[in-house]
Amino acid sequence: MSNAPQDPYGPTPDQGAPQQPQPQQPQYAQQPPVYAQPAAPAPQPPYGGYAPASSREKNWMGLTSLILSLVGLFTWFTAIAGIVFGHLSLSAAKRGEADNRGTGLTGLIIGYVVTVLGIVAMIVFFVVIGWVVSECGGDNPADWCTDPNA
């Protein structure tokens with residue numbers, strides 16, 4: 001027995017241990033060829049072209065603005081509600097909750113035009129009524145305000 005310290009990992013090649021032949025491995029391992037996978041088609045919106053519901057959840061505001069503003073051509077007071085919904089529609093479109101900015105803007109513009117024309121028409125109406133009352137009223141009414149047969 002020798003008193004030389006024993007290596008816990010076994011004898012090294014320079015200590016005279018017999019060499020076992022190592023299997024030949026290629027220097028660089030061949031990787032199987034990687035073929036590009038075709039990209040999955042983008043998901044189509046439902047019903048042939050409509051946008052996703054997340055960007056359409058407040059589209060009703062623009063449509064309501066346009067309808068109320070157009071009805072305001074006949075009733076005048078609904079144009080004010082058309083203005084309110086037009087502003088709400090534009091802010092929803094800015095936040096991405098609606099995708100019909102043009103409809104909201106159209107309702108807003110028509111609402112403002114109808115409101116201004118309605119205010120001008122009321123002013124003209126009251127001026128005409130005031131003029132008629134001042135001409136025909138009082139102690140000495142104009143000749144055209146009285147009945148000529150009387």
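These questions and answers cover the fold, surface and aromatic pairs of a predicted model.

Biologist: What share of the 150 residues counts as buried?
Modeller: Buried means under 20% relative accessible area. The accessible surface of the protein comes to about 12,400 Å², with 64% of that belonging to carbon and sulfur atoms. The buried share of the 150 residues is 17%.

Biologist: How many aromatic pairs does the structure hold?
Modeller: Trp 60 and Phe 85 form one of them, at 5.9 Å centre to centre. Phe 125 and Phe 126 form another, at 5.5 Å. The number of aromatic pairs is two.

Biologist: Which helices does the pair of Trp 60 and Phe 85 link?
Modeller: These residues sit 25 apart, so the pair links distant parts of the chain. Trp 60 belongs to residues 59-75 and Phe 85 to residues 78-95. The helices are α2 and α3.

Biologist: Is the pair of Trp 60 and Phe 85 stacked or edge-to-face?
Modeller: The planes stand 65° apart. Planes over 60 degrees apart count as edge-to-face. Therefore this pair is edge-to-face.

Methods:
Residues numbered from 1 in each chain as written. Predicted model: local features only at pLDDT ≥ 70, side-chain atom pairs only at ≥ 80, totals over all residues. Heavy atoms only, no water. Phe/Tyr/Trp six-rings, centres within 6.5 Å; stacked < 30°, edge-to-face > 60°. Helix = DSSP H or I, 4+ residues; strand = E, 2+ residues; numbered from the N terminus. Buried < 20%, exposed > 50% of the residue type's maximum accessible area, 1.4 Å probe, protein only. Areas by Shrake-Rupley, 256 points an atom, 1.4 Å probe, with all protein chains shown as cover.
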